[in-house]
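Work through the exercises below with the model open. Try each task before reading its solution.

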Amino acid sequence: MDTHWDESRRFRRRLGWAALILLVLLLVLLGRVIVLQVFHYQRFRQLAHANHTAIVPLAPPRGLILADHGQVLAANRAHYVLEIFPDEIHHLHATLRKLRQEFPIPKKTERHLLHTIDDKPAYLPRVLLAKLTPDLVARFAVRQENYPGVHLAVRWHRYYPYGSLFANTIGYVGPVTKRDLQGFDPQQYLYRRTIGVNGLEYTLERQLRGHFGYDVRSVNALGDPVAPLQRVAPKAGDVLRTTLRLRVQQAVAHVMRKEHYRGALIAINPNTGAILASVSNPSFNPNWFVGGISSKHWNKLLHDPYHPLLNRTLAGLYPPGSTIKPFYSLEALQKGVISPGFHTYCPGYIRVGGHIFWDWYRSGFGETGLRKALAWSVDVFFYKLAMKMGIHLQDHTLWRFGFGKPAPIDLAGSAAGFVPTPSWKVRHLHQDWYTGDTVILGIGQGYLLVTPTQLVRGVAAIANGGRLPYLHLVKNLRNPNSGEIVQPDFPAARQLHIPHFALRAVRGGMHACVTSGTCKTMAYPGISVAGKTGTAEVPVGYQHGRTIYNDDSLFIGWAPYHHPKIAVAAVVEDGGGNAWQALPLAKAAILSYLRPKLKLHTFTNIVVDPAQAFG
């Protein structure tokens with residue numbers, strides 16, 4: 001019996017110890033769970049979150065922009081960048097400080113990153129350092145394991161091989177800002193660093209930007225890829241082929257820069273409206289803007305007194321001077337104000353009220369008809385024509401030929417210019433409209449302002465038989481993935497319904513201007529040219545109670561005369577007392593287009609006779 005109780009007591013004692021040990025183990029386990037789940041919860045939550053599938057965006061190459069004959073005007077270059085993924089980093093400030101000790105990351109980049117950290121989701125990368133040198137790439141590669149959440153990546157970088165030559169037409173890309181996103185879906189730019197800001201880069205942003213691809217990867221707690229899960233390749237943007245002719249652009253720009261001209265030239269196909277060249281000088285280097293322009297470069301452009309950021313072909317405003325005379329002549333003939341055989345006497349001036357209006361040739365031209373008036377730019381003829389037409393018909397003429405409103409073109413920024421009216425003068429200047437206002441408007445002076453784009457469109461209508469073309473730079477867009485080519489559907493030219501007799505008379509006068517008149521030095525063997533010079537007085541200040549003027553030099557014309565292939569409008573600011581400075585630009589454009597085998601230096605040796613170029 002005692003033996004039974006002894007065994008029972010020992011069993012209960014062992015059972016108690018076992019229960020105690022089990023209880024202790026349970027308490028230890030429970031304590032460990034509490035430590036892990038409560039005290040270390042945040043750390044292990046982050047580690048667990050870090051072991052996940054990551055979507056890595058794959059940037060597409062931006063679509064190339066080509067000249068008409070295939071030369072690349074806007075290209076892409078691949079380069080390495082250092083990226084940081086905020087959601088993979090535990091201590092962002094400490095990581096940035098450590099990186100700055102080993103890599104040349106600007107302090108302002110760190111400040112900007114910290115300031116804008118909440119602007120995008122934390123899983124999206126931020127660029128810390130762009131355009132890494134091979135040395136920096138190698139240095140980071142051997143230290144990458146020390147920087148979880150920081151990675152090397154390849155990015156496409158826009159590049160403009162011809163620098164400033166096409167800056168005002170091709171435009172440029174720049175860093176994405178809220179202002180630039182107006183009109184675009186912000187969701188499309190979560191992963192993008194640049195956006196088209198100006199020129200064709202802006203106008204065709206949707207077609208050029210391409211479509212992002214992505215890699216779905218399984219990554220560990222350090223952010224390192226463990227296994228690829230899925231890949232969707234990026235799709236490059238469309239390839240844009242323009243109507244621009246590199247040779248024509250180079251020839252005109254070469255003359256402009258050699259002579260240090262400020263001004264603009266635009267050349268088009270008068271039959272289609274295709275823009276062959278568009279030169280604005282001075283210009284700027286669009287590569288400065290691609291990664292964000294520096295303060296030094298921005299201040300240089302901003303404070304340049306000659307405004308290199310202004311696209312003078314589209315937005316430069318100029319009095320047209322005598323280049324406006326052919327348009328008045330057409331309207332006067334069509335409306336019966338004068339006949340093709342109309343003549344008047346030019347003594348060198350006319351008197352209106354108590355004021356004398358002088359001709360540029362004060363000795364006078366004597367008996368003058370329309371052909372002679374256009375060939376020699378006889379001011380007195382057009383003073384009298386202006387009084388015959390009156391201001392209302394003058395304004396109607398200008399509006400009819402597209403002045404006073406933005407020229408239709410597939411590029412943003414076209415200025416409207418200004419066509420004055422009597423009601424405008426009363427409303428804004430609190431003055432009546434006088435006959436003298438009508439007289440000077442008849443030679444393209446006074447309050448009238450036009451753009452080179454408007455002028456070339458107007459002269460194209462004279463060259464092609466009376467059609468105002470829609471101007472365009474885009475020839476086609478090619479999808480690099482499918483090879484599909486899309487031809488833009490541009491609006492048809494506006495038919496002006498100008499009678500043949502009126503066109504014949506005015507065209508003849510403009511042809512005579514080159515064969516025997518004020519722009520005789522535009523002539524070239526084997527090429528028949530028609531044109532009209534212009535000199536416009538521009539007020540630049542006051543001295544001793546009198547207005548000080550500078551003269552702009554202008555030219556409009558086309559070639560060949562009977563079968564036009566190119567129309568041009570050129571302006572040189574502060575050209576001097578006559579119109580000759582614009583002629584070398586126009587001649588360079590015409591010769592480089594119609595005589596493509598001529599050497600480039602030919603265009604820098606173009607000589608004009610200032611004594612024969614007035615208007």
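**Exercise 1.** Are Asp 437 and Lys 425 buried or exposed, and how far apart are their closest N and O atoms?

*Solution.* Start with cover. Both Asp 437 and Lys 425 are buried; buried means under 20% relative accessible area, exposed over 50%, and partly exposed in between (1.4 Å probe, protein chains only). Next, the contact. Asp 437 and Lys 425 form a salt bridge, with the closest N and O atoms 2.6 Å apart. A salt bridge here is a side-chain nitrogen of Lys or Arg within 4 Å of a carboxyl oxygen of Asp or Glu. Last, the location. Asp 437 sits in helix 16 (residues 435-441) and Lys 425 in helix 15 (residues 422-429), 12 residues apart. Helices (H or I, at least four residues) and strands (E, at least two) are DSSP runs, numbered from the N terminus.

A note on the source: this is a predicted model, where local features need pLDDT of at least 70, side-chain atom pairs count only at pLDDT 80 or more, and totals for chains, interfaces and linings use all residues. Residues are numbered from 1 along each chain as its sequence is written, and side-chain values use heavy atoms, with hydrogens and water left out.

**Exercise 2.** Find the salt-bridge partner of Glu 205, and state which parts of the chain the pair ties together.

*Solution.* The partner is Arg 62, at 2.6 Å from N to O. Glu 205 lies in helix 8 (residues 205-208), and Arg 62 in the loop between strand 1 (52-58) and strand 2 (65-66), so the pair ties together parts 143 residues apart in sequence. Glu 205 and Arg 62 are both buried. Now widen the view. Arg 62, Arg 158, Glu 201 and Glu 205 are linked in a network of salt bridges. The whole structure holds 14 salt bridges.

**Exercise 3.** Which residue forms a salt bridge with Asp 68, and how covered is each partner?

*Solution.* The residue is Lys 475; the closest N and O atoms are 2.7 Å apart. Asp 68 is in the loop between strand 2 and strand 3 (72-84), while Lys 475 is in strand 18 (residues 474-478), so this pair ties together parts 407 residues apart in sequence. Asp 68 is buried at 12% relative accessible area. Lys 475 is partly exposed at 35%.

**Exercise 4.** Describe the cover and the pairing of strand 11 (residues 263-268).

*Solution.* Take the cover first. Six of the six residues in strand 11 are buried. In a regular strand the side chains alternate between the two faces of the sheet. On one side of strand 11 are Gly 263, Leu 265 and Ala 267, on the other Ala 264, Ile 266 and Ile 268, and all are buried.

Now the pairing. Two strands pair if DSSP finds at least two bridges between them.

- Strand 11 pairs with strand 12 in the antiparallel sense over six bridges.
- Ile 268 stands opposite Ile 275, and Leu 265 opposite Val 279.
- Strand 23 (residues 566-572) also runs antiparallel to strand 11, joined by six bridges. There, Ala 267 has Val 568 as its bridge partner.

**Exercise 5.** How many residues lie between strand 11 and strand 12 in their hairpin, and which residue in the turn has a positive phi?

*Solution.* Six residues lie between the two strands. In the turn, Gly 273 has a positive phi of about 85°. Finish with the cover of strand 12 (residues 275-281): seven of its seven residues are buried.
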